[in-house]
Amino acid sequence: MKTVPGTTTTDVVLVGAGIMSTTLGALLRRLEPNWSITVVERLDAAAEESSDPWNNAGTGHAGLCELFYTPENPDGSIDIAKAVRVNEQFQVTRQFWAYAVDTGLIADARSFLHPIPHVAFGTGAERVDYLRRRHHALAANPLFAGTEFITGFDEFASRLPLMAAGRAPDVPVALDFSPAGTDVDFGTLAKHLLGYAARNGTAVRFGEQVRDLNRESDGSWTLRLGNRRTGQQTSLNARFVFVGAGGGALPLLQKSGIAEVRGFGGFPIGGKFLRCGDPAVVGRHRAKVYGSPAPGAPSTTAAHLDARLVNGTPWLLFGPFAGWSPRFLKHGRPTDLLGSIRPDNLGSLAGAALRERTLVGYLIGQLLRSPSGRIDALREFAPTAAEANWEIMRAGQRVQVIRGGRLEFDTSIVSAADGSIAGLLGASPGASTAVPAMLEVLARCFADRFDAWRPTLTEMVPSLGIRLSDEPALFEEVSAWGSRVLGLDAPGHG
């Protein structure tokens with residue numbers, strides 16, 4: 001490996017200390033205990049951006065309640081392909097968490113994971129009919145077994161009393177109710193994973209930002225770092241670099257100069273939530289309840305009323321309400337968006353701008369929305385909501401991928417042809433699919449080692465490489481094991 005005077009050498013550099021990098025770091029530490037691994041984080045603690053519990057909804061996204069994963073086809077049928085794919089991915093993540101707890105990699109599942117019903121919600125004859133067809137389309141898949149379709153108002157009121165209070169009982173209402181959902185504190189989880197890696201030899205460098213990165217003649221990478229407190233500059237040289245920096249990933253991958261990132265652009269969308277901590281209100285709602293996106297709105301902005309547990313305290317969150325900033329990170333710079341524009345992505349950005357005029361109009365409307373307008377939106381879920389019980393809070397910043405002149409609401413892994421560098425772009429479903437995403441990174445970037453790793457990886461994820469929808473017996477086995485180990489075998493009913 002080529003070295004530069006004053007440069008520290010390491011086998012692997014992970015940029016960012018959020019859920020993606022810490023998941024990959026834990027996997028690699030288990031697979032290759034003798035490798036030197038260094039985590040570089042620009043902030044002073046782990047998981048302070050998108051993985052922080054206040055910067056995301058905490059939903060263990062499994063397609064159980066998110067209606068934007070089950071669009072209606074022109075012929076009236078329901079397309080369940082994405083819901084099934086997301087659930088399959090979450091099952092992989094869930095198995096790794098169970099393995100981590102079972103083997104002592106993580107000491108306490110209850111510190112980051114809690115059972116909570118996931119509920120799809122709709123009112124009016126049209127939405128009730130859609131939910132019924134959605135339920136029937138998913139019912140035959142073993143991953144969605146156990147969901148209940150509820151239309152009776154009394155049953156609705158017993159499950160979700162806060163949402164039923166003040167609602168006219170003669171207006172049709174439906175719930176697609178799954179008791180198998182989860183609430184996840186991804187920030188605490190990321191800290192657990194980083195702690196495991198650090199205890200086993202991983203170096204962690206907080207308060208240092210990657211200013212530049214360059215490929216050396218031997219194929220390794222040299223990263224120039226700047227200490228954000230002292231201004232001191234240092235360098236790291238590594239055989240492999242993973243950029244898991246959330247919204248900061250695109251600019252760093254662009255600096256790398258790899259051909260695979262050419263044409264990619266990013267569009268930042270911020271989020272705000274209403275938050276309530278009043279025990280008298282919070283105690284009347286124990287579920288994550290999703291509605292449908294507003295016309296013209298991004299799918300990721302579908303309104304939802306969520307029970308959360310953050311640092312041991314129960315809360316309710318409602319939103320998101322879209323905001324906008326040119327920053328790619330919550331703690332980013334106003335020049336982030338402008339700095340990401342390159343000749344190779346200018347055409348794609350311009351094409352997206354032309355195609356997404358409805359989105360621009362939606363964002364403008366969101367920015368102009370008054371506090372009372374936000375409460376009115378909340379009252380569609382909780383009719384008796386009192387403005388005095390709720391406060392507005394700023395959530396995380398997301399950067400949606402622009403490629404081929406289109407805005408994509410998904411995640412994309414970008415990797416160099418030689419596998420020496422990779423990064424994750426996009427936002428949805430994000431943290432819930434961290435494990436399958438990082439397994440894909442391993443398969444792409446370490447193809448020469450992946451087969452040798454497979455036995456250990458299968459210990460971590462027993463269904464590795466198997467589609468659980470096609471293997472119901474195996475699904476029942478790994479699901480029961482995971483539920484027992486993670487303490488999810490007796491979920492509540494709201």
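Trainee: Hi! Before we start, what is a patch made of?
Mentor: Patches are made of residues with over 30% relative accessible area and no salt bridge, and nonpolar side chains are joined within 5 Å. Keep in mind that this is a predicted model.

Trainee: Thanks! Which residues form a nonpolar patch on the surface here?
Mentor: L338, I341 and L346 do, and together they have about 300 Å² of accessible area. L346 belongs to helix α10, residues 346-355.

Trainee: And inside, which residues touch the most other members of the largest nonpolar core?
Mentor: That core has 85 residues, and F96, W97, F242 and L442 are the ones with the most other members in touch. Helix α2, residues 81-102, gives the largest share, 11 residues.

Trainee: What does F96 touch?
Mentor: Leaving out residues up to four places away in sequence, F96 touches A26, L27, L193, V435, M460 and V461. Another core lies apart from the largest one; it has 31 residues, including F121, I150, L305 and F321.

Trainee: Switching to helix α12, which of its residues are buried?
Mentor: In α12, residues 371-379, they are G373, R374, I375, A377 and L378.

Trainee: Which strands do those pack against?
Mentor: The buried residues of α12 pack against β12 (265-276), β14 (304-310), β15 (313-323) and β16 (391-403).

Trainee: Now the whole protein: how many helices and strands?
Mentor: The protein has 15 helices and 19 strands, and 58% of its 494 residues count as buried.

Trainee: What about its radius of gyration?
Mentor: The value is 23 Å, which agrees with a compact globule, because one of 494 residues would have a radius of gyration near 23 Å.

Technical notes
Residues numbered from 1 in each chain as written. Predicted model: local features only at pLDDT ≥ 70, side-chain atom pairs only at ≥ 80, totals over all residues. Heavy atoms only, no water. Core = buried A, V, L, I, M, F, W, Y, C linked by side-chain atoms within 4.5 Å. Buried < 20%, exposed > 50% of the residue type's maximum accessible area, 1.4 Å probe, protein only. Helix = DSSP H or I, 4+ residues; strand = E, 2+ residues; numbered from the N terminus. Contact = heavy atoms within 4.5 Å. Patch = residues over 30% accessible without salt bridge, like charges linked within 9 Å, V, L, I, M, F, W, Y side chains within 5 Å. Areas by Shrake-Rupley, 256 points an atom, 1.4 Å probe, with all protein chains shown as cover. Salt bridge = Lys/Arg side-chain N within 4 Å of Asp/Glu carboxyl O. Rg over C-alpha atoms; globule rule 2.2 N^0.38 Å.
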